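Hi,

I'm handing over the structure we talked about, and my notes follow just below it. Please have a look at it before you read on.

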Amino acid sequence: MTETATPSATPVPRARGMRDLPPERMRAFRRVEDAFRRVARQWGYEEIRTPTVESYSLFTSAGALSPEMLAGAYTFLDWDGWSGERVMLRYDSTIPVARAAADAGIELPARLLYVQSVFRGAEGEEWQCGLEYLGAPPVAGDLEALAVAADTVAALDLPCDLRLTHAGVARAAVDAAGLSDALARRALLDDVAGNGLAAVREAFAEQPGARAFLRAALGGPGEPALVGNLIALARTGLPGAVAPLEELREVAAALTETGRAVAIDFTLPLDFDYYSGVTWELRGEGGAWGRGGRYQPAGAGAPASACGFALDADRLSAHAGDAPTRGASVAIVAEREAGLADALRLASTLHGHGISAALGDARGATVRLVVGPEGITATASDSSLERATLDEVVRFALQRK
Amino acid sequence: MKPQPQPKPLGLAVPTGALREPVGDLLAARGLALDGYEAGSRLLRSEVNERGFRFRVFRERDIPIQVALGNYDLGICGDVWIAELRARFPGQQVARVGALPGPATEVWLCAAPGAGLEAGQVPDPASLDGVRLATELPNLTDLLASRLRLPRYTLLDLYGSVEAYPPEDADLAVVAVADAAAVEALGLTPLHRLFRGGVAVVANADSLRSRDCSAVIEPLSAAFVPSEASLTLPDRASDAPLRRTARDAGVLRLALPDGHAQRHTFAALADAGLAFDGYGERDCVRRPVSPIEGIEVKVVRPQDMPALVAMGAFDVAVSGVDRLREHLAFFPGSPVEMALDLRRSRYRIGPVVHNDFPAETTQEALAIWSRLGRPVRIASEFPGLAEEWARGLRLPHTAIIPIAGASEAFVPEDADILIEGTETGTSLRVNNLRMLDPFLDSTNCVIAATEPRTSRLDLLELLLERLREGVRAAAAEEEEAEAGALAQGAGGGA
């Protein structure tokens, strides 16, 4: 005899950091992803999806995740864990999308969009709408990615402020700090990724030109004109920053000319070490809608440069407002067992006319059909039909759809 | 008036192993002597004593976890285990209250002398792609690897004998020792000191904020020493590349166990007429010499063997059925299998409960576990077997607690069930425990790779044949002895 336990009635809580999307939140979420897909497809983006579980080495090889980020990753041994190789829940989508594009031999330039979740330490699961423009040309690619993100937020009728920075400025500062040791340089880059340009301030205590540049750059968000002033200071204080700043000025000018409000902000954290060019954040309602920028993909066969972003779909859907419910508009009730087949046929007929219909009572239905031995009875709040024909029922339901 | 629930008594987690004696002496000197904690005792728990607290004995690495979980308010353990927990779970509720006098522990990144590195030289990170890191401290080692930005690496998360791995079976090792000289005494080169700490009193952060722990803290605080634990990740690397050693496929690689399994393995080898120079009944060196030319031998922990054989580091090993089944419970497709049952070191594994538990069989117990209204807590040094067992019984809601040892202390307060092995049952009886229905009979056995890497399959067959003969000879001898005893009994009765 097999000894087994009886099932428990005790509810088991959700795993830590994980969230449900009940119908109400799901409707709002669909609004966000539909808006995003619609906008991105106008720019020629195609959808891609990558596995939830990736090799741990994919993320460590990319070199884009700081030790602090890796410490917050969900890692474990899978069925082949005896080999010592671990797997990891997707921490970020940029690295897997670049891998998937290379694996599939997708030709460059490639415009790829995704809607999928990432898994990060205490935050748990986060849903993102994002894109990767692999092989994107400088400036034009940046503007295109920015436009997709900003237009998505605008399509949801949400406010949107744009803040720009350039990862090349922070890299120029790290280069100028003169750290010959690879590990020390790496540690400073990690600090920059977490804290932005402010992390390099201490390295320039004895260099007045560089200090003047950093003071101006870190003085808080400024108008695009700030970039011109910074270029003037960088020529003597931090020459390596001039070229990145000129690129930033070009992007900021194009955005301003098309009527978008832009702020220059060097206090922005870079988050990921792979950013190499113009980097940005969209803000509204007291927080960030998403971040993106130009980056240098890692790995064999990777393009020289790419642009991408990830919008916080959870936060956007929380602010995007409710969408109409989508329950069945017609409830079909069979009066006796023999009427079930007729009810099923009736549902299929209504579906064929674009009317949502369900068997049994449905919450929110505007029409109730009863299939009985004498025919079909249709009832709505304003009128009813007895012994109706199929055509009459369809017409009745269409009028109240 | 409704009676107020009695507050849970204060709990103190104290270490077994090398720290048991010095910690016991220190507690006694501070007026906190724990009856039954003296060296050599097999007692692992106490009832609430006259000072209002109870104690439990744990393996050191389990202590910060138990304190973080809130099962114990206070604990005493090496700083290194606190650092190991925090490296992976920085948000855990563990507060270091103070340092006690005791041995220092340092954690060193080290390499074999042939790796081309001098003491104090962190190898050039560019030479470390695909590096194999052996350690008993996986969380600190991961932290080190991420700081070094190792692109790809294999982490050998071991039960012990880490120093045996470089250079053939690991390129670098992370070991916990007394100091750099101790690393050198192990035959390795110390490259970077990752951590230094001593013995600490730890508290659950909530307990420290909200419970009166003074009965333990006050006497101990007078013994506190000004010692801080320090974690030092490397911020400089040399440009010296790491030289690596690959395994030799032209030899048969055999792993033999140390620890409790050693005397049984020695006996099985003796039955087969095989004497390995440097592998005795009790003593051994890491690399004994085989009497059969072409067999390369290394002594490692039996718990680590199935994975090492699956990875191809060894072609064959003497381990246990328990360890193989535990490995296959996690990795059913792993390319390792039992090649020969050596039929020694026999013991049973099964669910262990407290003597007060109101059930005699697993069947009776199931009804009780199903009604708990919370997860059934199952502690085990065999988490894979524990999970497999619970799955087989369809226990609906379980929490598997992997533990490092001193397992008898967990039931009943910190776990409902222990999945544990017992040979004679002595330790269970001493700790007021008993086994329900055992589900696995374990013996020592030879495990082998399903597709060995060695080109010397002839040696593998020769070794197995010799061991098979040994098993047959031992069985025949046993039968003869039994027949003799029977005859003697019959004669005596005539």
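Let me begin in chain A, where A:Val139 sits in the loop between β6 (124–134) and α5 (140–155). Helices (H or I, at least four residues) and strands (E, at least two) are DSSP runs, numbered from the N terminus. The phi of A:Val139 is positive, near 65 degrees, and the residue is not a glycine. Because 16 other C-beta atoms lie within 10 Å, A:Val139 counts as partly exposed. The cut-offs here are 20 or more other C-beta atoms within 10 Å of a residue's own for buried, 12 or fewer for exposed, and partly exposed in between, with C-beta atoms placed from the backbone.

Before going further, a word on what you are looking at. This is a predicted model, in which local features need pLDDT of at least 70 and side-chain atom pairs count only at pLDDT 80 or more, while totals for chains, interfaces and linings use all residues. Residues are numbered from 1 along each chain as its sequence is written, and chains are lettered from A and ligands numbered from 1 in the order in which they are written. Chain B has an average pLDDT of 91, and 98% of its residues score at least 70; pLDDT is the predictor's confidence in each residue, from 0 to 100. For the complex, the predictor gives a pTM of 0.84 and an ipTM of 0.77.

Back to chain A and its helix α5(A). How far apart are the end C-alpha atoms of α5(A)? They are 22 Å apart, which agrees with the 22 Å that its 16 residues should span at 1.5 Å a residue; the expected span is 1.5 Å times one less than the number of residues. The buried residues of this helix include A:Gly141, A:Ala145, A:Leu146 and A:Val153. After α5(A) comes A:Asp157, with a positive phi near 60 degrees.

The strands of chain A are worth a look too. Strand β5 (residues 110–120) has nine of its 11 residues buried, so it is largely enclosed by the rest of the structure. β5(A) pairs with strand β1 (residues 46–47) of chain A in the parallel sense, over two bridges, and two strands pair if DSSP finds at least two bridges between them. In that pairing A:Glu47 stands opposite A:Leu113. β5(A) and β6(A) run antiparallel and are joined by 11 bridges; A:Gln116 has A:Gln128 in β6(A) as its bridge partner. Three residues lie between the strands of this hairpin, where A:Gly121 takes a positive phi near 30 degrees.

Now to chain B, which has two cis peptide bonds to show you. One runs from B:Pro166 to B:Pro167, with omega near 5 degrees, and B:Pro167 lies in the loop between β6 (153–157) and β7 (172–177). Another joins B:Val411 and B:Pro412, with omega about 5 degrees; B:Pro412 is in the loop between β18 (398–402) and β19 (417–422).

Also in chain B, helix α4 (residues 138–147) holds B:Asp142, which is buried because it has 27 C-beta neighbours inside 10 Å. Its C-alpha atom is separated by 23 Å from that of B:Pro113, 29 residues away along the chain. In the loop between α4 and β6 of chain B you will find B:Arg149. B:Arg149 has a positive phi near 55 degrees, though it is not a glycine, and it counts as buried because it has 24 C-beta neighbours inside 10 Å.

Best wishes
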